[in-house]
Amino acid sequence: MSHVSATESATASDTSRATTSATASDTSRATTSAAAFGALLDGSDPASGPFGAAANAELDRREDFPAEACAALDALGLPAHYVDVRHGGRLRDMPELVGLQRAVARRDLTVAVAHGKTFLGAAPVWLAGRPDQAARLAGSVRHGAVVSWALTERDHGGDLLAGGLTARPVPGGGWRLDGEKWLINNAGRSRYVCLLARTRESGGPRGFSVFLVDKTRLVPGSYRVLPKVRTHGIRGADISGIAFDGAVIDDDALVGEAGTGLDTVLRTLQLTRVLCTALSLGALDHALDVAVPYARGRNLYGRDLATLPRVRRTLGEAAAALDVAETVVDVAARAIHTLTPELALVSAVTKALVPNLVQDTLDRITELLGVRGFLSEGYLDGSFAKLERDHRIVAVFDGSTAVTRNLTADHFPSLARAWRGGRARRAALPATVTGPLPPFAPERLRLLSAGSTVVELLPEAAGEVRRAARHGMLPRETARMAAELEAVTRAVHRTMESLDRTPRDVPQAAFDLAERYELCFAGAAVLHRWTAGPRTADAGLRLRAGLALVLGRLGLPIDERRAEAHDRLADGLLGPAHHSLTLPSPRQQEGPR
């Protein structure tokens with residue numbers, strides 16, 4: 001078996017993100033912070049440090065929590081980035097937090113899941129908590145306190161309106177908690193549990209409230225942590241549950257007003273669904289860190305594996321998938337600030353698309369690696385097999401693919417009307433793609449979006465591509481692909497109008513149409529990135545490769561003229577020996593500005 005040297009690994013780290021958006025990295029402060037943080041992680045001992053593959057593989061085999069790695073992240077100051085600047089933290093914009101979470105996930109998904117859960121648990125307080133409540137939690141989180149988010153239950157899954165854990169008023173003040181939450185990340189290790197409880201016996205949309213429970217203030221014996229649940233991936237994470245038996249909490253534990261819990265949770269999910277997709281980006285970064293050196297260093301029947309057309313095509317398509325996924329996530333993270341009223345749709349589309357696109361790509365890379373993709377030890381300490389297992393859970397976090405596509409289907413009538421009526425927030429689009437971001441205004445969040453600016457302005461971006469092709473700035477094939485994407489998008493909106501569905505009777509066709517809409521959104525994001533950025537050869541290549549990937553997943557034929565863009569991306573990944581295009585390394589892209 002061939003092994004990868006430290007030098008090769010470092011080179012792979014540089015090349016696997018060669019498709020990172022130059023436009024975003026030139027204009028976003030977030031990338032600088034993420035790059036600096038990644039450099040600190042890179043400075044740890046790769047052989048014996050807490051982020052080393054061997055250490056993480058051993059923890060995975062023992063199903064032990066990555067405590068040392070989480071402590072190292074605390075020491076590096078990551079918890080302060082989970083706290084909004086309004087409350088004394090360092091979180092100024094979501095693209096920055098996405099970049100940080102991606103940097104950790106690139107090294108180990110279990111660590112990223114275990115540590116990053118604190119933001120998910122604290123986010124309801126940042127959105128709906130009282131100033132004094134948020135300030136107290138902020139101080140604790142900055143000093144390393146862990147927060148878990150308790151939504152799901154053993155008998156009700158993600159059906160939040162069926163939740164059985166109750167919070168009943170106590171005479172003289174306070175609330176009594178009874179019931180349990182299950183499959184909760186960090187339920188045992190957290191100090192705080194942010195939970196959804198039934199506060200009206202009849203339930204209903206106004207029958208639930210959110211509480212921030214400080215376990216250190218509970219009477220001993222009034223709660224218990226449930227046993228750890230063994231999982232296929234993220235084996236070392238603390239996935240367990242918590243049960244309350246008459247636990248009494250103070251009135252100040254209530255987050256927002258009583259009866260507004262479901263509203264708070266649904267708005268919070270709009271943020272956390274976007275952040276979850278950073279895990280997928282990190283996973284694919286890691287996968288390319290493994291696959292690229294393998295292809296360069298593996299000799300098969302006297303030939304370098306990287307010279308085989310099928311191998312180069314696989315790597316090029318993986319690079320294109322990473323580029324498209326990264327573009328969608330960046331647009332979604334920026335939309336938190338710029339298209340806040342549309343975030344219900346944007347977050348659902350992003351959460352459904354990105355983990356599934358990345359998982360399909362990981363499956364292709366597994367095929368490329370052959371048996372080494374399945375080894376749990378021996379080859380790179382089984383790091384690829386581990387990341388592939390770990391990543392499968394990402395599609396389930398904060399709303400499964402079925403849940404998020406159902407939410408997209410709920411938007412079909414408004415999306416069809418907006419497509420016809422031109423309701424796009426045109427002025428907000430430039431900042432959604434590049435440039436400085438306005439502060440996040442949580443009061444602008446809505447439970448449903450009236451439209452999608454990114455998709456509604458797709459025809460204009462496609463028209464700009466066609467004009468560029470007429471002036472020789474882009475190949476005519478690129479213009480044809482943009483036109484085909486526009487035609488598919490129009491057809492998707494026509495089908496939305498004719499689809500027969502009710503909230504309780506959603507046909508399979510609605511889920512299929514939601515998947516096609518996700519791809520239209522991705523293609524629109526790729527087009528807008530090009531129109532907003534410098535018209536370089538690199539940008540044109542990435543546009544062609546991204547459109548080819550999206551159209552291929554939409555079922556349109558991709559011939560060799562279109563697939564050639566993927567081969568050129570592979571050339572950039574594989575380095576000088578197979579070079580036809582120079583793409584900047586992340587350190588070139590992410591330098592100080």
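Is Cys276 buried or exposed? Cys276 is buried, at 5% relative accessibility, where buried means under 20% relative accessible area, exposed over 50% and partly exposed in between (1.4 Å probe, protein chains only). The model is predicted: local features need pLDDT of at least 70, and side-chain atom pairs count only at pLDDT 80 or more, whereas totals for chains, interfaces and linings use all residues. Residues are numbered from 1 along each chain as its sequence is written, and side-chain values use heavy atoms, with hydrogens and water left out.

**Cysteines**

- A search of the whole structure finds zero disulfides, a disulfide being a pair of cysteine sulfur atoms within 2.5 Å.
- The cysteine sulfur closest to that of Cys276 belongs to Cys194 and is 15 Å away, which is too far for a bond.
- Cys194 is buried, with a relative accessibility of 0%.

**Nonpolar cores**

- The largest nonpolar core has 158 residues, of which Phe119, Trp126, Leu137, Leu315, Ile365 and Leu527 touch the most other members.
- Such a core is a set of buried Ala, Val, Leu, Ile, Met, Phe, Trp, Tyr and Cys residues joined through side-chain atoms within 4.5 Å.
- Helix α9 (residues 261-297) gives the most to this core, contributing 19 residues; helices (H or I, at least four residues) and strands (E, at least two) are DSSP runs numbered from the N terminus.
- Beyond its neighbours within four places in sequence, Leu315 is in contact (heavy atoms within 4.5 Å) with Leu288, Ala291, Ala295, Leu368, Ala570, Leu573 and Leu574.
- A second, separate core holds 19 residues, including Leu195, Ala197, Phe244 and Ala247.
- In soluble globular proteins, nonpolar side chains tend to be buried together.

**Helix α21**

- Helix α21 (residues 560-574) has 15 residues and reaches 20 Å from its first C-alpha to its last.
- That span is close to the 21 Å expected at 1.5 Å a residue, the expected value being 1.5 Å times one less than the number of residues.
- Because 11 of its 15 residues are buried, α21 is largely enclosed by the rest of the structure.
- Among the buried residues of α21 are Arg562, His566, Asp567 and Asp571, as well as Ala570, Leu573 and Leu574.

**Salt bridges**

- The structure holds 48 salt bridges, each defined by a side-chain nitrogen of Lys or Arg within 4 Å of a carboxyl oxygen of Asp or Glu.
- Arg136 and Asp252 meet through their side chains in one of these, at 3.9 Å, N to O.
- Arg136 lies in helix α8 (residues 131-142) and Asp252 in the loop between β7 (239-249) and β8 (254-255), so the pair ties together parts that are 116 residues apart in sequence.
- Arg136 is partly exposed at 41% relative accessibility, and Asp252 is partly exposed at 28%.
- A salt bridge of 2.8 Å, N to O, joins the side chains of Arg310 and Glu367.
- Arg310, in helix α10 (residues 309-338), and Glu367, in helix α11 (residues 343-369), are 57 residues apart.
- Arg310 is exposed, at 56% relative accessibility.
- In the salt bridge between Glu486 and Arg466, the closest N and O atoms are 3.2 Å apart.
- Glu486 belongs to helix α18 (residues 476-498) and Arg466 to helix α17 (residues 458-470), so this pair ties together parts that are 20 residues apart in sequence.
- Glu486 is buried, with a relative accessible area of 10%, while Arg466 is partly exposed at 29%.

- Strands β2 and β3 (residues 175-185) run antiparallel and are joined by four bridges; two strands pair if DSSP finds at least two bridges between them.
- The bridge partner of Pro169 in β3 is Trp175.
- The hairpin of β2 and β3 has five residues between the strands, and Gly172 in the turn has a positive phi of about 90 degrees.
- Antiparallel pairing also links β3 and β7, over 10 bridges, with Arg176 partnered by Val248 in β7.
- Leu161 lies in the loop between β1 (147-150) and β2 (166-169) and is partly exposed, with a relative accessible area of 41%.
- Apart from neighbours within four places in sequence, Leu161 is in contact with Arg198, Gly204, Pro205, Phe208 and Leu262.
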